[in-house]
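Dear colleague,

Please find the structure below. The findings follow directly after it.

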Amino acid sequence: MITLKFLQDWGILNTVIDPIEGFTRFLILIVLFAVLFKGAELLKLGKNVAIVIAIVFSLLTAIFIPGTILLAAAASYGTIFSLVLLGLPIGLGFAGYFFLKEYPWIRVGLMGLLWLLLLEMSKHIGGFTTGAGAHYGGIVASVVGWIDWVTWIVFIIFIINGVQALLSLATGHASGDMDVKKTAQTIFNWAQKGASRRKTAMMNEYIEEEKELKLLDKAIKAKDDALEIVGEILTKKEITNDGEKNSIIAAVNLVETELKAAKTEFRRVKGRTWRQERRYDGLVKEFKDKDKDVARLDVNEKIILEKHNEAITKLNGLISGYHTTVSDPLSVIKSISAFPFSLTTGPSPTPGAPAPPLPTALEVNDAVRAFKSYFETLDVKEVEDAQKTAIQAVQGIVTETRELMKWKD
């Protein structure tokens with residue numbers, strides 16, 4: 001250690017100096033000697049004179065500069081060059097971050113590795129603080145403090161990078177497009193999507209259930225099945241047995257049952273539509289307060305009301321027409337008691353038995369034809385199409401609501 005103890009022995013110094021101060025004075029002595037010697041030579045003072053001048057002035061300067069100034073300078077230089085050395089891996093890490101934009105997962109790994117490296121660096125350098133001495137300890141403490149700040153910055157970038165990589169994978173966006181703004185925008189829009197789903201929860205239920213459409217589909221199938229059974233009877237012109245008669249009655253009755261079930265569901269949908277309208281009004285007010293264009297929402301709202309009411313009106317008409325058209329022919333079919341029953345000649349006679357009070361062949365034939373004519377004109381699909389248009393309008397409101405809630409450039 002350079003403590004310049006010989007100066008104390010000569011009586012120039014009172015005490016032995018700090019090793020850092022001594023080392024700094026020694027370095028200053030070397031530099032000043034070289035500079036002064038070269039300057040004296042340039043002045044052509046002669047080599048010996050140049051040496052003497054350089055030695056005298058460099059010694060005076062090195063010995064009599066105040067120690068506090070030397071220690072401050074040494075600490076400053078030490079801090080600066082420590083940061084330069086420690087900044088190399090940090091600089092390389094950040095360079096890799098910016099040059100690897102197209103490789104998000106490699107970038108995540110790089111920033112994670114750099115984060116762990118800085119944690120270990122801070123831990124090990126901090127361990128030297130206690131035994132570093134008064135001056136080294138100050139330098140080490142400063143460096144550790146700055147490393148801690150950089151560690152937090154790298155950790156935050158590591159987290160952002162991980163989110164960007166996940167969002168790039170989940171959304172299909174090019175990884176290079178997922179900058180901080182794009183990442184924040186995507187997260188915001190996902191959050192708003194959840195918010196819009198909560199705000200349009202009743203509308204989503206309206207769309208997702210579509211129970212009334214399923215019941216209308218059942219009514220259409222029941223109508224098609226009944227039409228098939230009636231067509232077979234007209235083709236063979238005979239009701240063979242009691243089971244066949246009952247199948248006609250069951251098929252005709254099932255059409256009414258399914259239409260009424262659909263009507264019951266439409267009543268529930270009507271109440272749900274009313275509640276949905278109230279929520280819709282609240283959304284429109286919210287968007288208007290934010291100066292957003294709600295024209296498409298207004299158009300879809302009118303379509304919902306118009307088409308939903310149209311569907312209900314048509315369904316009520318179908319049920320009313322059923323009772324008007326089907327009730328009497330159904331009574332005729334129910335009154336058949338002898339089989340086989342021909343639609344042209346009536347029932348086959350039973351030898352020795354009195355003729356039962358039966359409907360005539362003409363009455364039964366007309367009844368079956370009335371079924372066929374009614375089912376061919378029974379257009380349940382009109383009701384279904386009107387309600388589908390209403391549901392599409394609801395989907396339009398939900399989609400437009402999500403768009404209005406998004407963060408857009």
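Lys237 is partly exposed, with a relative accessible area of 41%; buried means under 20% relative accessible area, exposed over 50%, and partly exposed in between (1.4 Å probe, protein chains only). Lys237 sits in the loop between H9 and strand S1 (238-239), and its phi is near 55 degrees, a positive value in a residue other than glycine. Helices (H or I, at least four residues) and strands (E, at least two) are DSSP runs, numbered from the N terminus.

This is a predicted model, in which local features need pLDDT of at least 70 and side-chain atom pairs count only at pLDDT 80 or more, while totals for chains, interfaces and linings use all residues. Residues are numbered from 1 along each chain as its sequence is written, and side-chain values use heavy atoms, with hydrogens and water left out.

The overall picture is as follows. The protein has 13 helices and three strands, and 37% of its 409 residues count as buried. Of the contacts (heavy atoms within 4.5 Å) with a separation of 6 or more, 75% are between residues 24 or more positions apart.

The largest nonpolar core has 42 residues. Such a core is a set of buried Ala, Val, Leu, Ile, Met, Phe, Trp, Tyr and Cys residues joined through side-chain atoms within 4.5 Å. Ile239, Ile333 and Phe371 have the most contacts inside this core. Two or more residues each come from helices H9 (211-236), H10 (242-289), H11 (295-334), H12 (361-377) and H13 (380-405); the largest share, 10 residues, is that of H9. Beyond its neighbours within four places in sequence, Ile239 is in contact with residues including Ile233, Ile248, Ile333, Phe339, Pro340 and Val364.

Two of these partners of Ile239, Phe339 and Pro340, are joined by a cis peptide bond, with omega about -10 degrees. Pro340 lies in the loop between H11 and strand S2 (341-342).

How do H11 and H12 cross, and at roughly what angle? Their axes come within 8 Å and cross at roughly 155 degrees; axes are lines fitted to C-alpha atoms, for helices over the stretch in contact, and angles run from 0 to 180 degrees between N-to-C directions. H11 and H12 are therefore roughly antiparallel to each other (angles under 35 degrees count as roughly parallel, over 145 as roughly antiparallel, 65 to 115 as roughly perpendicular and the rest as oblique). The residues of this contact divide into 13 nonpolar, two polar and one charged, where Ala, Val, Leu, Ile, Met, Phe, Trp, Tyr, Cys and Pro count as nonpolar, Asp, Glu, Lys and Arg as charged, and the others, Gly among them, as polar. On the H11 side they include Gly321, Tyr322 and Ile333, and on the H12 side Glu363, Val364 and Phe371.

Phe375 is also in helix H12 and is buried, with a relative accessible area of 0%. Not counting residues up to four places away in sequence, Phe375 touches Lys223, Ala226, Leu227, Val252 and Val255. Phe375 and Ile220 are 155 residues apart in sequence and 9.7 Å apart in space, C-alpha to C-alpha.

Finally, Asn300 lies in helix H11 and counts as buried at 15% relative accessibility. Its contacts, leaving aside neighbours within four places in sequence, are with Ala393, Gly396 and Ile397.

With kind regards
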